[in-house]
Amino acid sequence: MESQTIQVDHCAVRKEKPKSDQLDFGRIFTDHMFIMDYSDDLGWHDPRIEPYQQLSIDPSAMVFHYGQSVFEGMKAYLTAEDEIQLFRPEKNMQRLNNSNDRLCIPPIDEKFAIQAIKKLVSVDSDWIPEAEGTSLYIRPFIISTEPYIGVAPSLHYKFIVILSPVGAYYKEGINPIKIAVENEFVRTVKGGTGEAKTGGNYAASLKAQEIAGKKGFAQVLWLDGVEKKYIEEVGSMNIFFKINGEVITPELNGSILEGVTRNSVIQLLKYWDVPVVERKIGMEELQQAHHDGLLEEAFGAGTAAVISPISQFTWNNNDSLIKDGKTGAIAKRLYDTLTGIQYGREKDPFDWIVKV
Ligand code: COI
């Protein structure tokens, strides 16, 4: 696959670009997209970059009926020297293949996929926004396209990459957000698809998210799907707590998404000699720590969300304000360092950056 050349069909008319200081998340798309097809007889084939356009897909395509699809989220950053940087793209492609495996989708060639993403980002490089905190969000995804409504793995797929210039994910920007601990609905269970990045997990989260949103919460905090006791993750990011000097994040248990930012946060904390542990943590323990004045910080970590400080959580109608509701020192240091590495302002001791 690596030897396949990627044909580029440039669009005739370039779209108007948004003002980079007025961007929110995920509504504007660039001029081009990458597409590659899969069939059981040819494997992955015909990689190409085309003008961004609507797809023509049979209404009986399996993705519309049984949701056999996976996706990733990555970003391209512009440095002050006008260089373009990707952050740990190999981790995203590894995770895409893990998700593929869970959803019975044939694996992609990870190195080739990174090559394709780099080429697409180069073609649309003038779309990378410059304003502070903005970037070009990269959304690779795979959908099953065989026209068949029997329940089985599809024999045909499309791997597509689209690009979107983005600002902050939350309307709060980089300010702390409030989260609601979900007691009624569950996102997934161990043995389900929780650790795969597949649309169904997000579809399952919408009801709780909608209810919480109407009450003024930015996100829902999911508990384990069996006992509804243990903390798993927030709708669009992994979660961390600083309790009595130690940073704690729920251990990967088969139903939590293995975030690239989560992994990077753990590595940075270890590098700084800040105690960090991955373990089970229950809501009762969290509330007790808060009650005892030991809960020093809470924050989420994700590609779209970056590092998002959490000012308050609400569980069983009890509101717990974390410290004074302001961004904590560890969340700030992590945000500054991660974005510093991503935008080329800080040295990259882990070789996380891949230049485009
Ligand atoms: C990301 O952080 O990139 C995600 O995929 C989360 C979300 C926007 C669904």
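The shell around the ligand holds 2 nonpolar and 4 polar residues, with no charged ones. The model is predicted, and the points below are grouped by topic.

**Ligand shell**
- Gly73, Tyr202, Ser236, Gly302, Thr303 and Ala304 surround the ligand.
- Tyr202, one of these shell residues, falls in the range of helix H4, which covers residues 199-214.

**Nonpolar core**
- In general, nonpolar side chains of soluble globular proteins tend to be buried together.
- The largest nonpolar core has 82 residues.
- The members that touch the most others are Leu120, Leu136, Ile138, Ile179, Val220, Leu221 and Phe241.
- Helix H3 (residues 110-123) gives the most to this core, contributing 6 residues.
- Beyond its neighbours within four places in sequence, Ile179 is in contact with Phe217, Ala218, Gln219, Val220, Leu221, Val234, Ile310 and Phe313.

**Helix H4**
- Helix H4 (residues 199-214) has 16 residues.
- From first C-alpha to last, H4 reaches 23 Å, close to the 22 Å expected at 1.5 Å a residue.
- Asn201, Ser205, Ala208 and Ala212 are the buried residues of H4.
- Strand E9 (177-181) and strand E10 (219-223) are among the elements that cover these buried residues.

Technical notes:
Residues numbered from 1 in each chain as written. Predicted model: local features only at pLDDT ≥ 70, side-chain atom pairs only at ≥ 80, totals over all residues. Near = placed C-beta within 6 Å. Nonpolar A, V, L, I, M, F, W, Y, C, P; charged D, E, K, R; others polar. Core = buried A, V, L, I, M, F, W, Y, C linked by C-beta atoms within 7 Å. Buried ≥ 20, exposed ≤ 12 C-beta atoms within 10 Å, placed from the backbone. Helix = DSSP H or I, 4+ residues; strand = E, 2+ residues; numbered from the N terminus. Contact = placed C-beta atoms within 7 Å. Expected span 1.5 Å × (residues − 1).
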